[in-house]
Amino acid sequence: MSEEIKDIRVVPESECCGCAACANACPVDAIRMEEGKEGFVFPKVDLNTCIQCGKCVKTCPVLEIDRPNRKEPDCRAAYGADEIRKVSSSGAIFTLLADYVFQRGGVVYGVALNDEFEIEHRRITSMEELSALRRSKYVQSRVGLSYRQVKKDLKNGKTVLFSGTPCQNAGLRKYLGRTDTEKLILADIVCHGVPSPGVFASYLVELEKKHGSRVSAYTFRDKRLGWKNFSAVATFENGEEHAGTQTTEPYLYGFLQNLYLRPSCHSCSQLRGERHAADITLADLWGAEKIC
């Protein structure tokens with residue numbers, strides 16, 4: 001009989017959400033998040049290093065889910081000032097939350113595009129750095145080892161705002177375990193699902209071929225045509241632009257049609273009821289004009 005597996009390999013790829021809690025929890029760094037054939041990252045265990053301690057399994061939000069959520073959470077309608085909303089994808093609440101945290105000497109974790117147009121979680125310490133974290137990014141971000149830094153910040157007494165998808169928030173909460181989280185604010189979104197980083201990277205290559213120039217900026221949700229008819233806009237080094245709406249821009253359209261979401265997104269359990277790990281969930285108030 002084969003030896004019982006006590007590491008994260010027990011989780012099928014079809015169920016793995018890619019939150020990287022297991023990689024953060026591994027005491028000997030035997031787990032790396034590696035890209036699979038569809039462009040999503042999955043944990044890869046180095047069996048020569050792994051000590052079969054089982055910490056990765058205990059930290060996985062898919063296998064063991066905490067249930068801290070209230071049954072009837074409070075609901076609020078809010079928005080930021082006009083000048084902030086103009087540079088935000090939606091109502092600019094993330095900016096207001098970040099400002100609240102910075103006023104208390106805290107730190108903020110959110111999602112940014114790096115110089116290679118890869119989507120990654122980033123730690124910032126001031127409002128001057130916030131612009132990179134604003135706006136929606138319709139690609140799954142790489143958490144890296146940011147959970148470890150969050151834990152360190154909390155132990156140092158800092159107020160921490162962590163913004164991510166529901167599964168990333170669940171992974172962080174599981175990773176922190178008994179750490180004092182009194183100063184932690186977990187913020188997530190009503191998530192549509194996370195598209196493949198590989199598909200996005202391939203799409204940018206095709207755009208660059210078409211325009212004969214490198215992409216210098218990309219906005220997933222531009223408001224030039226309004227909030228409801230939002231656009232995706234690519235800007236190139238030669239000054240050209242590629243823009244399209246929800247029905248005419250291929251990458252944006254494919255995302256909204258669920259053509260390249262992570263397999264686990266189709267059976268997500270992190271956003272429902274008591275399994276929801278976040279303190280605050282952000283969502284657009286579609287139909288506001290009919291309600292307010």
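Residues are numbered from 1 along each chain as its sequence is written, and side-chain values use heavy atoms, with hydrogens and water left out. Because this is a predicted model, local features need pLDDT of at least 70 and side-chain atom pairs count only at pLDDT 80 or more, whereas totals for chains, interfaces and linings use all residues.

View 1. The volume of the second largest pocket is about 400 Å³, where a pocket is an open set of points on a 1 Å grid over the protein atoms alone, at which a 1.4 Å probe fits, with protein on both sides within 12 Å along at least five of seven lines. Lining residues have an atom within 4 Å of a point; there are 19 of them here, and those closest to the centre are Glu116, Phe117, Glu118, Pro197 and Ala201. Helix 7 (197-211) and strand 4 (119-124) each supply at least two lining residues, with helix 7 giving the largest share, seven residues. Helices (H or I, at least four residues) and strands (E, at least two) are DSSP runs, numbered from the N terminus.

View 2. Ser89 is found in the loop between helix 3 (82-85) and helix 4 (93-102). With a relative accessible area of 4%, Ser89 is buried, a word that stands for under 20%, while exposed means over 50% and partly exposed lies in between, using a 1.4 Å probe and protein chains only. A polar atom of the Ser89 side chain lies 2.7 Å from the backbone nitrogen of Ser136. Neighbours within four places in sequence set aside, Ser89 is in contact (heavy atoms within 4.5 Å) with Arg135, Ser136, Arg221, Lys223 and Trp227.

View 3. Strand 1 (residues 31-35) and strand 2 (residues 41-45) run antiparallel and are joined by five bridges; two strands pair if DSSP finds at least two bridges between them. Arg32 has Lys44 in strand 2 as its bridge partner. Five residues lie between the two strands of this hairpin, and Gly39 in the turn has a positive phi of about 95°.

**View 4. Ser14 in the segment before helix 1.** Ser14 is placed in the segment before helix 1 (21-25) and is partly exposed, with a relative accessible area of 44%. Residues up to four places away in sequence not counted, Ser14 touches Pro263 and Ser264. The C-alpha atoms of Ser14 and His266 are separated by 9.5 Å, although these residues are 252 residues apart along the chain.

Conventions
Grid points are joined across faces, edges and corners, and a volume is the space filled by probe spheres set on the points. A polar contact is a pair of N or O atoms within 3.5 Å; within protein, one must be able to donate a hydrogen and the other to accept it, and residues adjacent in sequence count only if both atoms are side-chain atoms.
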